[in-house]
Structures are given as structure tokens and as C-alpha cells.
Amino acid sequence: MLPSFAAQIRHVGGCQHALICFTQTCPDGIRTRRANTEFSGNFLNNVPVLQWARHATREEYGRLSQHRGAHGWGGVDYNTLVDALSVLNSSANWQMLDDWKDRSNNSECIRCAVVGSGGILKDSKRGAEIDSHHYVFRTNGAVIKGFEKDVGSRTTHYTFSTNTLMNSIRAYAGVGFKAPPVAKETRYIFLPDHDRDYLLMKAAATHTLVERGPERNRDPASFFGKDVSAEKVKMYHPDFVRYLRNRFLRSATLKTKYKDIYRPSTGAVMLLVALHTCDKVSAYGFMTPDYMKYSDHYYDKKQKSVVFFKNHDLRMEMALWQRLHQAGLIQLYMRQ
């Protein structure tokens with residue numbers, strides 16, 4: 001029998017399951033600081049960060065099927081949804097930082113590094129600093145081999161959608177990205193956009209081949225390694241992604257003909273999730289006002305300009321990172 005929702009949000013090892021995971025002792029962490037910033041009214045503490053078996057009900061499906069893509073379950077068959085989420089039924093699936101009790105070492109604060117792929121990281125020599133954090137978040141084309149001195153080598157959380165993962169493998173295979181980082185400490189956080197995300201997630205958690213869709217008959221071990229387990233797999237809740245869009249990144253794009261495709265970038269979701277689950281957040285490789293000085297990615301073999309698409313508002317995201325940095329809620333790596 002699954003625990004009640006009230007039981008889910010009780011503190012265990014300093015974490016509120018599925019919601020937030022701040023420690024109770026960090027004297028100057030994000031939870032303390034945010035009350036005195038311009039963002040004090042942005043935060044809601046009752047929006048689940050992750051979805052799991054408990055959420056797959058007819059009532060929730062009726063509500064969330066009204067929203068498509070990363071913001072809901074529209075376009076995902078109910079039986080597919082229930083079948084997939086049923087494998088996410090352990091405490092690890094509804095805690096973002098499920099092993100904090102084991103790795104805390106009596107630390108007062110949960111320190112997280114969030115690593116993007118921006119060219120600003122090239123020759124930064126920040127690798128050891130990044131790896132010194134309790135948790136290291138990465139996303140999409142997380143090319144590490146050969147760049148460890150600049151970007152570190154550890155990955156505790158890898159955020160992706162199936163679409164962005166496959167696109168990254170195709171686009172960045174030439175620089176060494178053939179699959180996500182694989183390590184004992186690595187957790188895989190799906191940002192579901194389509195039913196293919198639920199199908200791949202279920203296959204990964206159950207060590208079976210993908211049943212149907214573009215990845216039909218693919219072995220998830222080829223992406224996540226042979227030791228992947230249900231306890232290492234998590235899924236963002238669409239309510240949380242919609243909350244991030246509405247309260248932190250409400251772009252003017254929502255008033256245009258592109259409103260239905262707009263959503264925060266995968267990197268933005270990852271950074272904002274860290275803002276909601278860690279006590280201290282350092283961000284590396286994210287866009288800064290001098291972005292034109294750098295190549296699009298730190299691993300580009302030739303200089304490439306940043307490309308802007310209508311489905312994301314990267315300039316708005318850049319402005320948000322500056323404001324969060326100035327408010328003392330994140331420490332943003334900048335060259336200036």
C-alpha cells in the first residue's frame with residue numbers, strides 16, 4: 001500500500017518527499033534568503049517536483065490531460081501512463097536527493113553544482129570546484145571526457161527528455177557523447193514530453209526492451225548502463241514544469257502564435273529544480289550577457305554562435321540567472 005500524501009511530505013533525513021529537500025540547519029541557504037528577495041512571492045512549496053505511482057489516478061488524468069507536452073499528460077494514453085508510473089513506487093522515486101542521509105557527512109547545507117554546456121566553460125579550470133559539491137546536475141549533451149579540468153567528472157543527476165537525449169547523441173557523437181553519464185551515484189531524471197518518455201522510463205526501470213514508438217526494441221542499458229534500476233529513475237511532475245513556466249519564466253512568447261510550443265529549456269528546468277531542492281546552488285555554463293564572446297558549447301571544435309528557437313526564451317532565462325545571482329540565491333559562474 002502506498003503511503004498517504006501527508007506521509008509523503010513528512011521530513012525524513014531533512015527532506016520533504018516529492019516537494020523540497022532543504023536541510024533544517026543551513027543558516028544562510030536558499031529557503032532563508034529567498035524571503036528577503038524580489039522572488040519571495042514566486043515560490044510555492046506545495047507543487048510536487050516529481051511524479052510517481054501515486055499520481056496516476058483517473059481524477060489527475062482528467063485534469064492534466066488538458067495540458068500537452070512537458071506541462072501535462074495530453075497525448076499520453078491513460079493505460080500507458082498508469083503502466084509506466086506504476087514502476088516508480090519507492091521512496092527514491094519521490095525524493096530528488098534520495099541519498100542525502102548517506103552522503104551528508106553532517107553537513108549543514110546541501111551544496112549543488114548545475115552544469116550547462118555553454119562555451120564560457122572552455123578553459124575555465126572549474127572542474128575540481130564543480131566536483132567538490134555534494135551533487136552535480138547535468139543535462140543533454142553532457143560531454144565530459146577530455147574536458148574534466150573545465151567541467152568536472154561527476155554526475156549525480158542527469159536531466160533530459162527522450163527527444164533531447166536522442167538529438168544530443170546524434171549531434172554530439174563526434175565529440176564523444178554517445179550516451180548519458182553512467183556511474184553508481186547517477187540518477188536519471190526524465191522531463192516527459194511525449195508517451196515515448198514514459199515508455200523508455202518503464203523499460204529502463206524494469207530492464208526490458210522499449211515496447212513501441214521511435215525507440216521500439218531498444219535496450220535502455222545502451223543509454224543508462226546495465227546497473228540502472230527503478231530506484232535510479234525519476235520523472236518531473238508536469239505541474240512543476242508548468243509552475244516554473246508561469247512563475248519564473250512567463251515569456252511574452254505565450255502571447256504569440258508560438259504559445260503552444262513554448263516551455264523552459266531543459267537546462268532551465270534543471271537549474272530551477274536545484275533552486276527548489278538544494279540549500280546552495282552554483283551554476284556553470286549558463287548564458288551570461290557576454291555570451292557572444294564564447295562558442296555555443298564548451299566542446300565545439302569550431303566557433304559557433306548561439307542559436308535561438310521559438311520554443312525557448314533563452315534571453316529571458318539569461319536575465320533570470322542574473323537576477324537570481326544578484327539576489328544571492330545562486331552563484332553564477334561569469335568571466336566578467
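Guide: Let's start at Asn217, which counts as partly exposed at 46% relative accessibility. Keep in mind that this model is predicted.

Visitor: Where does Asn217 lie, and what about its phi?

Guide: Asn217 sits in the loop between helix 9 and helix 10. Its phi is positive, about 70 degrees, although Asn217 is not a glycine.

Visitor: Which loop holds Lys125, and is Lys125 buried or exposed?

Guide: Look between strand 3 (111-115) and helix 6 (127-131) for Lys125. The cut-off for exposed is over 50%, and Lys125 has 56% relative accessibility, so it counts as exposed. Lys125 isn't a glycine either, yet has a positive phi of about 60 degrees.

Visitor: Now for Arg242: buried or exposed?

Guide: Buried is under 20%. Arg242 has a relative accessible area of 13%, so buried it is. You'll find Arg242 in helix 11 (residues 238-247).

Visitor: What does Arg242 touch?

Guide: Leaving out residues up to four places away in sequence, Arg242 touches Arg63, Leu64, His67 and His71. With His71, check the backbone oxygen: a polar atom of the Arg242 side chain lies 2.7 Å from it.

Visitor: Which residues of helix 8 are buried, and what covers them?

Guide: In helix 8 (residues 162-172), the buried ones include Thr162, Thr164, Leu165, Met166, Ser168 and Ile169. Their cover includes strand 5 (157-160), strand 6 (187-190), helix 9 (195-206), helix 10 (221-224) and helix 12 (266-277).

Note on methods: Residues numbered from 1 in each chain as written. Predicted model: local features only at pLDDT ≥ 70, side-chain atom pairs only at ≥ 80, totals over all residues. Heavy atoms only, no water. Helix = DSSP H or I, 4+ residues; strand = E, 2+ residues; numbered from the N terminus. Buried < 20%, exposed > 50% of the residue type's maximum accessible area, 1.4 Å probe, protein only. Polar contact = N/O pair within 3.5 Å; in protein donor to acceptor, adjacent residues only side chain to side chain. Contact = heavy atoms within 4.5 Å.
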